Amino acid sequence: MKKLRWGVLFSYLILFIFAIITVFPFIYMLLGGLMSFQETTSIPPTLIPHHFEWSNYAKVFAQAPFARYFFNTVLTASITTIVSLFNSLLGAFAMVNLHFKGKGIVQIVLLSLLMVPGEAIIFTNYNTIAHMGLLNTYIGLVLPFLTSIFYMYYLQSYFGSISETIYKAAMIDGASDWEYIWKILVPMSKGGLFTVGLLSFISGWNSFLWPLLVTNEDTMRLLNNGLSTFASDAGSETQLQLAAATLTVLPILILYFIFRKQIIQGVVRNDLKG
Amino acid sequence: MKTNQKKAWLFLAPTIIFVTLFSIYPILRAFGMSLQKGSLIDLTWTGFSNYQYIFHDPEFWLAIKNTILYAVISVPVGLAISIMLAWIIFSKVKHKSFFETTFFMPYVTSTIAIGIVFRYIFNGDYGMLNFILRCLHLPAPDWIDDPAMSLITIIIFGIWSGLAFNIVILMGALRNIDPNFYTIADMYGASGKDKFWRITMPELVPTIAFLLTMNIIGAFKIYTSVYALFNGQAGVGNSGTTAVFYIYNKFQIVGTPGVAMAATVVLFLIILFATFLQRKMMKKIGEN
């Protein structure tokens, strides 16, 4: 009995140490963004600021167009999410409910494309976008991401679990495919669509390399690129960098805490399918 | 029901158009460009000279070495810690979803933003990490500004941010194990250790195999976290350069897209090979 207790205690100790290691950077970021410059660089390090410097945030907004970054990020993440969800939805419907020649080949090609690392094609895509004259435009930012094989594959598993007889019954009742999609398929898989939407929005929010390539004007930058430029421009003003980092992380963290169940389930479900 | 419905292609059209333009074409184009030299607007055929160039470029080998070292160290260590934590949460703790939520936080947050935070925690003079190390009378290295430490710093950050995904997936897998196995094991008086090695681990093998593949592929693509930790650089004096960093540098900064694409093709083949090798290995383990 005693041995068992020690084991449990030890387990808890490990768990708490790692929990602190995980959460600490977030706490430090929040608090550091409210410190004075001296406090962020003092030895020993300050954890709780004496006086909350809310003015740091005003300075961040004064030094860089963060409002604009927010707008750009929300806009591109939303467009990518909505359009790619729509396109994946149509594609997944066709793959699940319709029979056509070449379906097997389409499926194999799409699945093997899932293996291609995004970083391997991002530079040639830059080339394409540059040729189209779309650098520093919203269209250029979203165009390559307007469909997602990954989400399509994911939705296929959702739609596949809806009985085929429902589709057949709808057809017999004279519904068109379009009506079936919007009146039956979408309402029945709302949860799945919502989860996919959340995951897509989050990855859009956090995207970095693509917007770094296709934008170089300050007014077209997204949050993460703006943030990284700001971090090097702000130089030694550590407290401002931490405040700016908080601005980038906090909205997603709030979204995460509201919808954590859907988000975690979405990720697990995605991946257990392999 | 008709077997050949042409309208299916209509529903698939947006996906097929975008995929062709932004997935299939760029792959072919990357191969093509790797055989060309010159600037983006003026490319001419050059044969395999780009490949010759990268194989003679010490910077390329450093990038590959760093990337492989990163993968070989951070993936197994991260996976081992994840398995330990997931198992502790699953078997010992009451508020499972609380811990799951906590550990998953790094997954949803921006690597750039958190990288900036880590830059302060890792700071050699006033950083929190070195403060703690000094309190414990341990050596306090200069994590960011010492070229010899770059890769280690990247690995620590990589492990930290990688745990989130692994733990959540492993928790999902642990929940899927039939609880009857444990009940029966208890009836026969199996110890915790027995239960872990004889029930849990074998049941987790497919999930671990999957995570291994995902983690290794992810490790080969590492870029953003290096950028964030070293403020847009690849570590002091390029000491922490990675494959994608090399490609980005050759493509965008130096302006030799052909060289960048040759490196891309090599990276692509390495990733494919790693995936293939790992699948083979896992099949072998599965057979035994």
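Predicted model: local features only at pLDDT ≥ 70, side-chain atom pairs only at ≥ 80, totals over all residues.
**Exercise 1: a hairpin in chain B**

Work out how many residues lie between β1(B) and β2(B) in their hairpin, and which way the two strands run.

Step 1. The hairpin of β1(B) and β2(B) has two residues between its strands. Strands here are DSSP runs of E with at least two residues, and helices are runs of H or I with at least four, numbered from the N terminus.

Step 2. β1 of chain B covers residues 36–39, β2 of chain B covers residues 42–45, and they run antiparallel, joined by four bridges. Two strands pair if DSSP finds at least two bridges between them.

Residues are numbered from 1 along each chain as its sequence is written, chains are lettered from A and ligands numbered from 1 in the order in which they are written, and side-chain values use heavy atoms, leaving out hydrogens and water.

**Exercise 2: a serine in a helix**

Find where Ser82(B) sits, and decide whether Ser82(B) is buried or exposed.

Step 1. Look in helix α3 of chain B, residues 58–92: Ser82(B) is there.

Step 2. Its relative accessible area is 0%, so Ser82(B) is buried (buried means under 20%, exposed over 50%, partly exposed in between, with a 1.4 Å probe and protein chains only).

Step 3. Skipping residues up to four places away in sequence, Ser82(B) touches Leu163(B), Asn166(B), Ile167(B) and Leu170(B). Contact means heavy atoms within 4.5 Å.
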